[in-house]
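Please consult the sequence and the model alongside the text.

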Amino acid sequence: MSELPKRPLSRWIGAIAVALVSAALLSAALWSATPRALIAAEEAVVIPAPALDSAKAGGPPQTAVLAGGCFWGVHGVYQHVRGSRQVLSGYSGGTKATADYETVSRGESGHAESVEIRFDPKELSYGEILQIFFSVVHDPTQLNRQGPDAGTQYRTAIFYADESQKRIAEAYIAQLDRAKVFRRPIATKLERLTAFYPAEAYHQDFLLKNPSYPYIVINDLPKIASLKRVFPASYLDQPVTIESAR
């Protein structure tokens, strides 16, 4: 197991509160002993596919950068998406000088905890990446928070690399808002990608290396279970890792 990082105080307080509630729910769930009850900590929202998307075609790997709360869970989900070739946790939205975990965790650097997904455009489209993002990765209606984590570093954001990605993302957000898929308007902001700074080594593959870490068990493993349930054709049983991507 890798060395566990220090957590911001707000995340520890939130995680403890969630853990207490989850323990009570889990106790009740164990009485019913149904598999669905045991993974109901976080439910996905089933949403339509984007009406505007890029065509799947051969070519060099492409890159998507997304922010949806703590990067451990976002990273973990896309490691299990068919067509992913490399997934990295990191920071986007600020400068290189402030791209470190301790500084970003204070919420004053402008960065968001982000994930870079390098993908095969023949197997996976940008729109499909966004569909998974809005459906199972996080709650896109929450402003500057996800679960027990609060602050601009946990904002929901799409860092678009070019005008094509921007158009697809804008159109999809408008489509989902018109359809009232969520109870509240989508809070996801579109930000031009100026740089992605990989996070410290111990953050890479963190979920895979620390599957029993309480934060992961409570907040992130249910997302992977939802991916497998809602997107079975896209689910990759053997996750992409740092080593396998080399």
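Q: In what order do the six strands of the open sheet stand?
A: This is a predicted model, in which local features need pLDDT of at least 70 and side-chain atom pairs count only at pLDDT 80 or more, while totals for chains, interfaces and linings use all residues. Residues are numbered from 1 along each chain as its sequence is written, and side-chain values use heavy atoms, with hydrogens and water left out. Strands (E, at least two residues) and helices (H or I, at least four) are DSSP runs numbered from the N terminus, and two strands pair if DSSP finds at least two bridges between them. The pairing in this open sheet is mixed, and the order is β7-β6-β1-β3-β2-β8.

Q: Which strands stand at the edges of the sheet?
A: An edge strand here has a single partner strand, so one of its sides is left without a neighbour in the sheet. The strands in this position are β7 (189-192) and β8 (197-198).

Q: In what sense, parallel or antiparallel, do β6 and β7 pair?
A: Strands of a sheet pair through backbone hydrogen bonds, either parallel or antiparallel. Strand β1 (residues 62-68) pairs with β6 (residues 156-160) in the antiparallel sense over four bridges, and Val65 of this pairing stands opposite Phe159. On the β7 side, Ala157 has Lys189 as its bridge partner. The four bridges between β6 and β7 are parallel.

Q: Over how many bridges do β2 and β3 pair?
A: Strand β3 pairs with β1 in the antiparallel sense over five bridges, with Gln62 opposite Phe119. Phe119 in β3 also has Ser84 standing opposite. Between β2 and β3 the pairing is antiparallel, and the number of bridges is eight.

Q: Why is β6 described as largely enclosed by the rest of the structure?
A: In a regular strand the side chains alternate between the two faces of the sheet. Both faces of β6 are covered, with Thr156, Ile158 and Tyr160 on one side and Ala157 and Phe159 on the other. A residue is buried under 20% relative accessible area, exposed over 50% and partly exposed in between (1.4 Å probe, protein chains only). Strand β6 is largely enclosed because its buried residues number five of the five.

Q: Is serine 92 buried or exposed?
A: Ser92 is found in strand β2 (residues 84-92). Contact means heavy atoms within 4.5 Å, and beyond its neighbours within four places in sequence Ser92 is in contact with residues including Val65, His111, Arg155 and Phe196. Because its relative accessibility is 0%, Ser92 counts as buried.

Q: Which residue has its backbone oxygen 3.2 Å from a polar atom of the side chain of serine 92?
A: A polar contact is a pair of N or O atoms within 3.5 Å; within protein, one must be able to donate a hydrogen and the other to accept it, and residues adjacent in sequence count only if both atoms are side-chain atoms. The residue whose backbone oxygen lies 3.2 Å from a polar atom of the Ser92 side chain is Ala195.

Q: Against which elements do the buried residues of α5 pack?
A: Of the 12 residues of α5, 11 are buried, so this helix is largely enclosed by the rest of the structure. Among these buried residues are Ile129, Leu130 and Phe134. They pack against β1, α3, β3, β6, α6 (163-178) and α8 (214-230).

Q: Over which residues does pLDDT stay under 50?
A: pLDDT is the predictor's confidence in each residue, from 0 to 100. Its mean for the protein is 87, and 83% of the residues reach 70 or more. Where pLDDT is low, the predicted coordinates should not be read in detail. The stretch with pLDDT under 50 is residues 12-41.
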